[in-house]
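Reader: Please take a close look at the aromatic rings here. I would also like the sheet described, strand by strand.

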Amino acid sequence: MIPFKKHRKAADITQDGLFCVFVSGLPHYCLNVANLKTGKTIIDKPIDSIDLRSVQFNPSANNQFLVQRKKSVTQFTIENFDEEKCTLSEKEVSFNDLMDGTVEIIARRTENLWDHDVEELPLNFEIEKQKHGEITSALWKDSKILLSTSHGEIYMIRQNGDYDEYFVSDSEYKNVTTLAMENFIPCADGIQAMALNNDELVLIGEDGVFLLGQEKARKQKGKVIKTLKQLSSTNFQNVIKCSITSESHALVEYYCGKREIINLEDNRRTLQFYQS
C-alpha cells in the first residue's frame with residue numbers, strides 16, 4: 001500500500017477486522033479488497049486516484065464501502081462473497097447530480113443601461129454549465145451515506161443509490177440554544193468536514209463547530225425534527241478531515257499537515273503536531 005499525502009484516507013478495515021479495502025499499485029492504481037484471514041485479494045479494480053479523498057466500509061455491512069472523490073461519491077457493493085472471486089456493483093452520485101445537473105440561468109432583462117434599450121444581457125457566470133463546488137466529506141450513518149458540499153449543505157444517499165436532501169437551504173431545525181424553530185442558511189465552506197459522534201454529526205467549517213442531531217417533535221406525534229447546537233464560533237479553514245477520538249474530543253486535520261484536538265465541551269484546542 002502507498003501513502004497519499006493529499007488523500008484523507010486511502011484504506012479502511014471492516015468492524016470485525018476480516019476485510020480491508022485499500023488503494024495500491026504503481027504505475028496503475030487499483031482499488032483492492034483483501035480477506036485478512038486468508039491473505040487473498042478478492043477485488044482488484046483499476047481506479048483513477050487523482051482526486052481520491054477517502055474509502056470507508058459500511059460499519060453495518062462488510063460487503064459495502066464508499067469511495068469519495070472531489071466531485072462524486074460512489075457506493076460499492078460486493079456481491080457473491082467468495083474467497084476466490086467476487087463481483088462488484090457500484091452506484092455513483094456526482095456533485096452535478098446534487099445540484100440538479102446543468103442549469104442555464106435565464107439572462108435578466110436590462111433596460112436603459114446604455115444609450116439604447118437592451119432586452120437581455122448574457123453574463124459570463126450566467127452561461128457557465130459546469131457547477132462550481134465539491135464534495136467536502138462523506139460518511140456512513142445508519143447504512144446510508146451522508147455527504148457535505150462546499151456550499152455548506154448535506155445530502156443523503158440511500159442503499160438503492162437514490163439521493164435526497166438531508167440538511168440544505170431552508171431546512172427547518174430547532175436551535176438548541178434558543179429552543180426556537182429556524183430555517184437553515186448555508187454558507188460557502190460552512191461544512192468542510194463531518195464526523196459521527198454517537199448519533200450526532202459534528203460539523204466543522206467557516207462558521208465554527210456545530211452538533212447536528214434529531215429528536216421527536218412534542219406536538220406532532222411521530223415527527224422527527226433536526227436540532228442544531230453551535231459549540232464554537234471559531235473560524236476553521238482548509239480542514240481536510242475530522243474524526244472522533246472520544247465522546248468529548250475530536251481530531252481535526254488540515255491540508256497543511258497540522259493536527260489539533262478540539263474539546264467538544266469547552267471548545268479548547270490543543271495543537272498536536274505537524275505532519276511532514
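Author: Start with the term. Rings of Phe, Tyr and Trp count as a pair if their centres lie within 6.5 Å. Planes over 60 degrees apart make a pair edge-to-face. The model is predicted.

Now the rings. Phe57, Phe65 and Phe76 make up one aromatic cluster. Across the whole structure, the search finds four aromatic pairs. One of them joins phenylalanine 167 and tyrosine 173: the ring centres are 5.9 Å apart and the planes stand at 70 degrees, so this pair is edge-to-face. Both phenylalanine 167 and tyrosine 173 are buried.

Two further tyrosines carry a charge over the ring. Lysine 226 lies over the face of tyrosine 166, 4.4 Å from the ring centre. At tyrosine 254, the charged end of lysine 258 sits over the ring, 4.6 Å from its centre.

Next, the sheet. Strands of a sheet pair through backbone hydrogen bonds, parallel or antiparallel. Here four strands form an open sheet in the order S5-S6-S7-S8, and the pairing is antiparallel. Strand S5 (52-58) and strand S8 (87-94) stand at the edges. Each has a single partner strand, so one side of each has no neighbour in the sheet. On average, neighbouring strands of this sheet are turned by 20 degrees against each other, direction ignored.

Look inside the sheet as well. Strand S6 covers residues 61-69, strand S7 residues 72-79, and five bridges pair the two in the antiparallel sense. Which residue in S7 is the bridge partner of leucine 66? The partner is glutamine 75.

Notes. Residues are numbered from 1 along each chain as its sequence is written. This is a predicted model: local features need pLDDT of at least 70, side-chain atom pairs count only at pLDDT 80 or more; totals for chains, interfaces and linings use all residues. Side-chain values use heavy atoms; hydrogens and water are left out. Two strands pair if DSSP finds at least two bridges between them. Axes are lines fitted to C-alpha atoms, for helices over the stretch in contact, and angles run from 0 to 180 degrees between N-to-C directions. Rings of Phe, Tyr and Trp (its six-membered ring) pair if their centres lie within 6.5 Å; planes under 30 degrees apart count as stacked, over 60 as edge-to-face and the rest as tilted. Buried means under 20% relative accessible area, exposed over 50%, partly exposed in between (1.4 Å probe, protein chains only). A charge sits over a ring if NZ of Lys or CZ of Arg is within 6 Å of the ring centre and within 35 degrees of the ring normal.
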